[in-house]
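Have the sequence and the 3D view ready as you read.

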Amino acid sequence: MSLSGFSKVGRKIVAVGRNYADHAKELGNALPSKPLLFMKPTSSYITAGQSIEIPLGCSELHHEIELGAIINNECKAISEAQAMNFVGGYCLALDMTARDFQDEAKKKGHPWAMAKMFDTSLPVSDVIPLEKIPDPANVQLWCKVNEEMRQNGCTADMIFSLPYLISYISHYFTLQKGDLILTGTPAGVGPVKAGDVITGGIPDVIDISFNVTQRS
C-alpha cells in the first residue's frame, strides 16, 4: 500500500487537543499534563476539490490548521527513540471543529464526537515526503480565511513533541500503516461561514485551499 492513498485506506485518525499553550489559553483551557487525545473517523476526510460542509445546527464552525504525521508500519508500545522510524510522511490538515457543539458538550461533560467527527471535518493535503520536512519540530504553519491571516505558528511551540506523541499513543492504540496523527493547532482559531475560502500552508512545501458550504 502506498501512503499516497492514506485518506482512503488508513483505519483511524488520532488527534491531539491543546498541544499549543497559546491555543489552550485562547479558549480558556488549562494546559494538559499528558496528551489529550480524541479520534476522528476516516469518513471525515476530504481532499482537494471537495468542500467543507457546515453541519446541520452548527452556528460556529472553526478552522484549526495542523501538521499530520502518517504512519508507515504497524507499531505498538514503541519507545520515543523508535517513534520517528514509523513516520512515512506528513500532511497539512484542517481539524474543522463545531465550536458551539464542543462548548455545549464540555459544559455537560459529554464527549466531543458531534463537534469533531462530522463528515468533511478533516480536509487534508497530499502526502508530504519526509525529505520536505527534515525537522518536524520546526515547521511553520499558516491559515488564512478569504486571504486574511488567522493562524501563523510553529511546531516548535508544541507542548508534546511528535516522537513523544507517537510513543504515548502506541501504548494505548496499535498504530497501523496509513493511520494519521494530528499534532494540534497553534493559536488563532476562529469562525468561518458559507462562502468562505480557507487556505493553509507550510512555506516552500505545500498549500491547500478549501471552500466552505452549508450542508442542506
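Predicted model: local features only at pLDDT ≥ 70, side-chain atom pairs only at ≥ 80, totals over all residues.

## A strand on the inside

Start with strand β1, which covers residues 13-17. All 5 of the 5 residues in β1 are buried, so this strand is largely enclosed by the rest of the structure.

Now check which way the residues point. In a regular strand, side chains alternate between the two faces of the sheet. In β1, Ile13, Ala15 and Gly17 point one way, while Val14 and Val16 point the other way. Whichever way they point, these residues are buried.

## The partners of β1

Which strands does β1 pair with? One of them is β2 (residues 36-40), in the antiparallel sense, over 5 bridges. Here you'll find Ala15 standing opposite Phe38 of β2.

Another is β12 (residues 180-182), where the pairing is parallel and has 3 bridges. On this side, Ile13 stands opposite Leu180 of β12.

How many disulfides does the structure hold? The count is 0. Take Cys58: it is in no disulfide, and the nearest cysteine sulfur, in Cys143, is 16 Å away. Cys58 counts as buried because its relative accessibility is 11%, and the cut-off for buried is under 20%.

Cys143 has its own closest cysteine sulfur in Cys91, but the 14 Å between the two sulfurs is too far for a bond. Cys143 is buried as well, with a relative accessible area of 0%.

Methods:
Residues numbered from 1 in each chain as written. Heavy atoms only, no water. Buried < 20%, exposed > 50% of the residue type's maximum accessible area, 1.4 Å probe, protein only. Helix = DSSP H or I, 4+ residues; strand = E, 2+ residues; numbered from the N terminus. Pairing = 2+ DSSP bridges. Disulfide = S-S within 2.5 Å.
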